[in-house]
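Thanks for coming. I will go through one structure today, starting with the overall fold and then turning to the aromatic rings.

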Amino acid sequence: MVNQTVENNIKQWVLLREEISEQCEEILRDYPGNRGCKYAKQYLETEEGKSLSDEDGATFYKCIKSGLDNPDSGLGCYAMTPEDYSRFRGFFDNVIRDYHGDETGEKKHVTDWNVEDKSFDVQRLGLDELSMRVRVGRNLVGFNLPGNMTMDQRIEFELTMLPVFDQLTEKYGGRVYSLTPDFGEKGVNPNLITNEEYKELVDAHVMFKDMSADPFLNSAGISNDWPYGRGCWQSQDKMRVIWFGEEDQLRIMCMKVGSNLLEVFLNLQEMLDSVSTTLDGIHFFARDDHYGYITSCPSNLGTGMRASVHVKVPHLTSDGTDQKAKDVCKPLGLSVRGIGGEHTPIGKDGTIDISPSARLFIKESEIVEKLFRGIQQLMEIECGV
């Protein structure tokens with residue numbers, strides 16, 4: 001198989017290119033929706049793909065390894081460095097524009113948080129307070145993306161973020177919860193928590209789960225060196241959380257039970273500004289001129305944003321599943337998840353998690369508006385069932 005061949009002959013890219021192409025072709029017979037394989041096969045037949053150096057060829061293999069190891073992947077690729085989106089533009093651009101629905105091939109992402117004087121209070125829709133959450137993925141220039149980080153780089157990244165967390169703690173209170181056993185030559189980790197504390201944070205949906213159990217992240221190298229370089233910062237009021245060392249270097253989020261979507265949206269913007277100001281002059285968030293903010297997975301490029309709420313739809317979930325809700329939400333541009341996240345069950349009272357599906361070629365301000373309009377349309381359908 002390619003995996004063993006690459007491990008033994010990582011520099012022999014010219015010899016491996018044909019073998020990888022054949023494996024992609026084989027996978028596509030049974031899984032035609034695997035975009036990584038589809039466009040990798042095409043790319044390897046182009047002048048750009050044929051002319052890759054041994055080093056770039058090895059990196060490209062890492063980018064598509066998840067799709068080769070997991071044939072049922074919808075995307076089947078992850079970037080290993082921020083530069084991969086330009087280095088392998090002939091591959092990633094096809095994947096990205098296919099996934100994000102750009103048939104023109106010419107769209108460029110625009111960042112804009114300005115909501116002007118619009119109101120997004122769900123009380124206007126006759127709803128009470130909802131569980132609201134908005135998060136963005138961010139990565140820093142100067143570091144590999146998580147799939148290509150070594151253990152030392154993961155530790156270095158955590159150490160780089162500690163002054164940022166100190167500044168946030170001064171402003172919002174709170175503390176760092178780290179899973180890194182030690183900092184090696186840099187000494188002990190003062191923020192290390194116990195396994196029991198980690199489990200409590202996971203159960204409270206504050207910390208992410210053990211990534212080493214995810215086959216997609218394993219193949220992409222993202223879960224390597226677990227638990228080094230992993231953890232989170234949380235504010236004293238528990239409204240603000242920053243994960244570090246997950247699928248992206250940073251997942252920055254705000255959450256609250258309330259009725260005004262702008263409370264979490266604008267608080268997230270404020271926290272992002274605080275992080276950027278603290279990093280200014282040393283590190284910057286990685287961006288691409290075409291795709292906006294860089295993320296490991298092409299699905300999150302652009303805003304890197306997921307804005308979600310928990311809503312009760314007992315009629316649409318009367319069969320105990322979220323299938324009807326998904327069927328209704330898809331045309332509205334909404335994704336549906338269980339109340340514990342992706343691949344988790346819905347609430348016993350019919351509560352589901354909904355969020356706008358779009359991340360790229362959409363403004364941040366448009367995402368919060370889409371969420372509000374989506375809630376309105378969904379509740380109209382729920383009440384009419």
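**Overall shape, then aromatic rings**

With 385 residues, a compact globule would have a radius of gyration near 21 Å, and the chain has 21 Å, so the two agree. That radius is taken over C-alpha atoms, and the globule rule is 2.2 Å times the number of residues to the power 0.38. What you see is a predicted model, where local features need pLDDT of at least 70, side-chain atom pairs count only at pLDDT 80 or more, and totals for chains, interfaces and linings use all residues. Residues are numbered from 1 along each chain as its sequence is written, and side-chain values use heavy atoms, with hydrogens and water left out.

The C-alpha trace spans about 65 × 55 × 40 Å along its principal axes. The chain has 13 helices and ten strands; these are DSSP runs, helices being H or I with at least four residues and strands E with at least two, numbered from the N terminus.

Of the 385 residues, 54% are buried, meaning under 20% relative accessible area, with exposed over 50% and partly exposed in between (1.4 Å probe, protein chains only). Take contacts between residues at least 6 apart in sequence: 70% of them join residues at least 24 apart. Contact here means heavy atoms within 4.5 Å.

Now the rings. How many aromatic pairs does a search of the whole structure find? It finds 16. Rings of Phe, Tyr and Trp (its six-membered ring) pair if their centres lie within 6.5 Å; planes under 30 degrees apart count as stacked, over 60 as edge-to-face and the rest as tilted.

Phe 285 counts as buried at 13% relative accessibility, and Tyr 293 is buried at 15%.

Last, charges over rings, which requires NZ of Lys or CZ of Arg within 6 Å of the ring centre and within 35 degrees of the ring normal. Arg 138 lies over the face of Tyr 293, 3.6 Å from the ring centre. Arg 87 lies over the face of Phe 88, at 5.9 Å from the ring centre.
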